[in-house]
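Work through the following exercises with the sequence and the coordinates open. Each task is followed by a solution in steps.

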Amino acid sequence: MAIGSQPLPSNNLPFIEELYARFLEDESSVDEAWRNYFRGLGDRTPPTGPAFAPRSIFAPRAMNGAPASEHEKRLAREAAQDRVGQLVQRYRQQGHVFAHLNPLQPAPSSPVSHFELSEFGLDESSLDKTFTAGGLRGTLRELIAHLEETYCRTIGVELAHIEDPEVRDWLQTRMESTQNHVALDRSQQIKLLTDLTDAEIFEQFLHTSFVGAKRFSLEGGESLIPMVQLVIERAASHDVEEVVIGMAHRGRLNVMANVMGMPPREIFAEFADEDPNLYIGRGDVKYHLGYSNDRDVDGKKVHLSLSFNPSHLEFVDAVVAGRVRSKQDRRKDLERRKVLPLLIHGDAAFAGQGIIAELFNMADLPGYTVGGTVHVVVNNQVGFTTDPRDARSTRYATDVAKMLQIPIFHVNGEDPESVVQVVQLATDFRARYGKDVVIDLWCYRKHGHNEGDEPTFTQPEMYRKIHEHPSIREQFVKKLESLGQVTPEQAEEIAAARRKVLDEQLAEQRSGHKRKRPSAMAGLWAKYAGGFERDTADISTGVALPVLQDLAAKLTMLPPGFTAHPKIVRFLEQRREMGEGKRPLDWGMGEALAFATLVDGGTRIRLSGQDCERGTFSHRHSVLHDYTSGGTYTPLNNLREGQADYEVRNSPLSEVSVLGYEYGYSLDTPDGLTIWEAQFGDFVNAAQVIIDQFIASGEDKWHRLSGVTLLLPHAFEGQGPEHSSARIARWLSLSADDNMQVCNATTPAQFFHLLRRQVLRPFRKPLVVFSPKSLLRNPEAVSSLEELATGEFQRVIDDSLFAAGGEGDASKVRRVLLCTGKVYYELLAERRDKKREDVAIVRIEQLYPNPIAEIERTLGRYPNMAELVWVQEEPANHGAWLHMWNALVNSGILRVPLAQVTRPAAASPATGSNASHKLEQRRIIETAFAPIQFSSR
Ligand SMILES: Cc1ncc(C[n+]2csc(CCOP(=O)(O)OP(=O)(O)O)c2C)c(N)n1
Ligand SMILES: [Mg+2]
């Protein structure tokens, strides 16, 4: 019926007519599916008549002169027609509910109709009448059979939430014109069988060769392997040149061996784990490692990267997205077609982890889109020991994806042909619309959560079925046998060939092959270094005065006809005066000149964070808005032809996904400055997993470097417990092995040099900056242009009163106050008030890596120092005190007693009362200058 008699989606008539007109002019201008359809129409006359007739929502009026009975008959016919239309719609919208998705349930014997005819006012008497509805034409019986086959077989599709009729039509046409079948030739069938065999044999081989070792077997979900292969192949046909894959534990080793092309002997060497000295305190487990390789797909090269991944489920997704965006930007692939992110999820994690919703929210944002991600949920219907009933409130594990206007395909993983069909639909959808797409791959988990786990404690019934269940490969072999495509001997040959390869690889490994974890330091990264800071020379980060003056002038010019906000006019005027040397530079100008000199010198910058275009504290104004037209202008992107890009993006209101994204961006941008700014530093703990699992430990675990830079506004200014502290102590407790740089600059010049140092040194480490709030406008926290023109970032700043050229006499100093950040200016004011020339104030601008040598050198300049006092405004357990105490004591440089002045240790970082804050702050400043009882005396 339907195909032979040309089913026609008619619910978007103008669209179809336009397509048809285009087809008549030039056949190649329309999609293949439409081309075939229109060709089938035959005589090339524009279609008219019932199939194209728009349906009226009004009942037609009686025609003049027509006999009443004719009119009534016609009304009845039209009413029945409408009811059939509703039935067609219902299949399209809800057919998935009846699809046979769960391989552990028997396939239903095909019913006539899953929907009750009576619900639509129809009955069996209509079954053999002909209808035209929803673009389909045939008897009701034929229509139902057609729709059952398309929507209720082993593919269930959700598209009712998609508002755009063109998108729904495209999907419906693709599915209904084939009844969601795909014709596979023998070579494709053999390829599928080979992939399934590779997947199964690999797990069996590990099972017997490394008994009891954890591998998170893919068995029960082997279809993942052909599915991923097909995504890559289909993507290559759409000219995708790179695929970045993010996935968790389940089946990861299988993907490494059978998709990524990692030699199995390398995986076996990881299992053997023979050298206990190799990774003491370092490295990661084998099912977290990354890998990359080139694949040849029909003569096209596709580069594959599997991102390393922590145990924390789903967080890598944000990192993959950022990596993809960086790769696209580097290729200038602004249509975002050439690099494809492929994320493989678990059913429980996908439904449970909130970062999934955050990422879907980012999917279409101009600053974050990656042109669509292909998501595959390996839905084994269990999460560790937890049933879906206890794991989610939704029907499907994928329901969160319905927040986007994208199709969700559910497929029974035991129907390889359907697996091929959904991969084609999904990958073509991404290529056509540049949006995400989700495949929910229904399968089961043959063993427990890992190989040492007993699943029948908690899922006895399910596992009774699983134990009796033939593998996907066995079932597919049977099917191919019945089709006469393969003999049992041929199927066994494929398996034997695979076993032979694995045997050889194991023999190689056992005969002394040493594991070679791939180096992450090739290609783009070859020029950069991690390791220890002491191994990297400092470089001068000054910029010649005339260049600074020229850039300052360009930063403050507006294009002709641009009307700036009156306050912005004044802001630019002040910045111009700073550039002309008529005014000292404030913090914002220090930052703007750091950015300007970098992009002018060819270094790309990406800055993202909540409201960072203007800046939370209105100090940045990177993007200017025309006061009359609303147009925008970004001075940092208009410095000169050929400059590097300055990309600044207001982010969605999320920390964890955005920081993960920017970290990912930094992984593929060693030659650029990638910055994430928190609204207030206090909120950074919403991204704690990205900090602990990636930023702090990525180099240790995976030897992957990142220069991601975090700006975390921090200081005690009476704004309460959640607007005061970026929790310095926590950052310092994560600091070891020179894993990151933790800094607290106090002048615009220092910030300027710090930002430039971050990208101009070949040393790549994450940088955490406790950035200021009140200092942004403190008239003392200023610098001169000359300070930007010469020198470098100073890890420790000596007291200028006693430094060369200062008025003080260092020999009179008895007490040295060590501090970091904004409290310095308060201590300075107090010393001025108290006229205390016996107290020096030394600023620690780099808290980690510990600048012990610089501290020792600085303290050595005070020959009569008798007391060393660490002063901080944070409670004792929240600031740098414990870390500094530990570092100073262990360094052995202390010659005098050390004391601390801090707020008392506290559960919450700051008081909610402004008055209490002021009293506490006063006490700190006063105590810093008062006699102190040294406990060590
Ligand atoms: C954020 C996080 N919480 C908890 C865990 C512990 N954990 C590891 S695997 C797992 C179950 C995952 O289930 P699912 O997502 O369905 O994947 P499957 O193992 O079934 O493939 C859990 C809870 C984790 N790794 N990460
Ligand atoms: Mg699961």
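**Exercise 1. Burial and contact of a strand residue**

Task: Decide whether Ala899 is buried or exposed, and find the secondary-structure element that holds Ala899.

Solution. The model is a predicted one.
- Step 1: The relative accessibility of Ala899 is 7%. The cut-off for a buried residue is under 20% relative accessible area, so Ala899 counts as buried.
- Step 2: Ala899 belongs to strand β24 (residues 898-903).

**Exercise 2. A helix residue treated in the same manner**

Task: Classify His883 as buried or exposed, then give its C-alpha distance to Tyr824.

Solution. 
- Step 1: His883 has a relative accessible area of 15%. With the cut-off for buried set at under 20%, His883 is therefore buried.
- Step 2: The element that contains His883 is helix α29 (residues 881-891).
- Step 3: The C-alpha atoms of His883 and Tyr824 are 19 Å apart, and the two residues are 59 residues apart along the chain.

**Exercise 3. The chain as a whole**

Task: How many helices and strands does the chain have, and what share of its residues counts as buried?

Solution. 
- Step 1: The chain has 30 helices and 24 strands.
- Step 2: It has 937 residues, and 58% of them count as buried.
- Step 3: The C-alpha trace extends over about 110 × 80 × 50 Å along its principal axes.

**Exercise 4. The largest pocket**

Task: Describe the volume and the lining of the largest pocket.

Solution. 
- Step 1: The volume of the largest pocket is about 1,200 Å³.
- Step 2: Its lining consists of 47 residues, and those nearest the centre are Ser519, Ala520, Trp702, His703 and Arg704.
- Step 3: Sorted by type, the lining has 18 nonpolar, 11 polar and 18 charged residues.
- Step 4: Elements that each give at least two residues to the lining are β5 (291-297), β6 (300-306), α10 (316-330) and α23 (698-702).

**Exercise 5. Aromatic pairs and charges over rings**

Task: Assign the geometry of the pair Trp170 and Tyr433 and of the pair Phe210 and Phe271.

Solution. 
- Step 1: There are 22 aromatic pairs in the structure.
- Step 2: In the pair of Trp170 and Tyr433 the ring centres are 5.7 Å apart and the planes make an angle of 85°. Planes over 60 degrees apart count as edge-to-face, so this pair is edge-to-face.
- Step 3: Trp170 is in helix α5 (residues 165-176) and Tyr433 in helix α14 (residues 416-433), so the pair joins parts of the chain 263 residues apart. Both Trp170 and Tyr433 are buried.
- Step 4: The ring centres of Phe210 and Phe271 are 4.9 Å apart, and the pair is stacked because the planes lie at 20°.
- Step 5: Phe210 is in the loop between α6 (186-209) and α7 (224-237), and Phe271 is in helix α9 (residues 264-272); the pair therefore ties together parts 61 residues apart in sequence. Phe210 and Phe271 are both buried.
- Step 6: Tyr91, Phe98, Phe115 and Phe120 are linked into a cluster by ring pairs.
- Step 7: The charged end of Arg534 is over the ring of Phe532, 4.9 Å from the ring centre. Arg606 is over the face of Tyr665, with 5.1 Å to the ring centre.

**Exercise 6. The two sides of a helix**

Task: Which residues of helix α15 (residues 460-468) are buried, and why do they count as being on the same side?

Solution. 
- Step 1: Met462, Tyr463 and Ile466 are the buried residues of α15.
- Step 2: These residues cover an arc of only 90° around the axis, so they are on the same side of α15.
- Step 3: An α-helix has 3.6 residues a turn, so residues three or four places apart point the same way.
- Step 4: The face of α15 turned away from the buried side carries the exposed residues Glu461, Arg464, His467 and Glu468.

**Exercise 7. Backbone angles in loops**

Task: Where do Pro849, His621 and Lys835 lie?

Solution. 
- Step 1: Pro849 is in the loop between β22 (846-848) and α28 (852-859). The peptide bond joining Tyr848 and Pro849 is cis, with omega about -10°.
- Step 2: His621 is in the loop between β11 (605-609) and β12 (624-625). His621 is not a glycine, yet its phi is positive, about 50°. At a relative accessible area of 16%, His621 is buried.
- Step 3: Lys835 is in the loop between α27 (823-834) and β21 (839-844). Lys835 also has a positive phi of about 50° without being a glycine. With 69% relative accessibility, Lys835 counts as exposed.

Key. Residues are numbered from 1 along each chain as its sequence is written. Chains are lettered from A and ligands numbered from 1 in the order in which they are written. This is a predicted model: local features need pLDDT of at least 70, side-chain atom pairs count only at pLDDT 80 or more; totals for chains, interfaces and linings use all residues. Side-chain values use heavy atoms; hydrogens and water are left out. On a 1 Å grid over the protein atoms alone, a cavity is a set of points where a 1.4 Å probe fits but cannot get out, and a pocket is an open set with protein on both sides within 12 Å along at least five of seven lines; lining residues have an atom within 4 Å of a point. Grid points are joined across faces, edges and corners, and a volume is the space filled by probe spheres set on the points. Helices (H or I, at least four residues) and strands (E, at least two) are DSSP runs, numbered from the N terminus. Ala, Val, Leu, Ile, Met, Phe, Trp, Tyr, Cys and Pro count as nonpolar, Asp, Glu, Lys and Arg as charged, and the others, Gly among them, as polar. Rings of Phe, Tyr and Trp (its six-membered ring) pair if their centres lie within 6.5 Å; planes under 30 degrees apart count as stacked, over 60 as edge-to-face and the rest as tilted. Buried means under 20% relative accessible area, exposed over 50%, partly exposed in between (1.4 Å probe, protein chains only). A charge sits over a ring if NZ of Lys or CZ of Arg is within 6 Å of the ring centre and within 35 degrees of the ring normal. The arc is that of the directions from the helix axis to the C-beta atoms.
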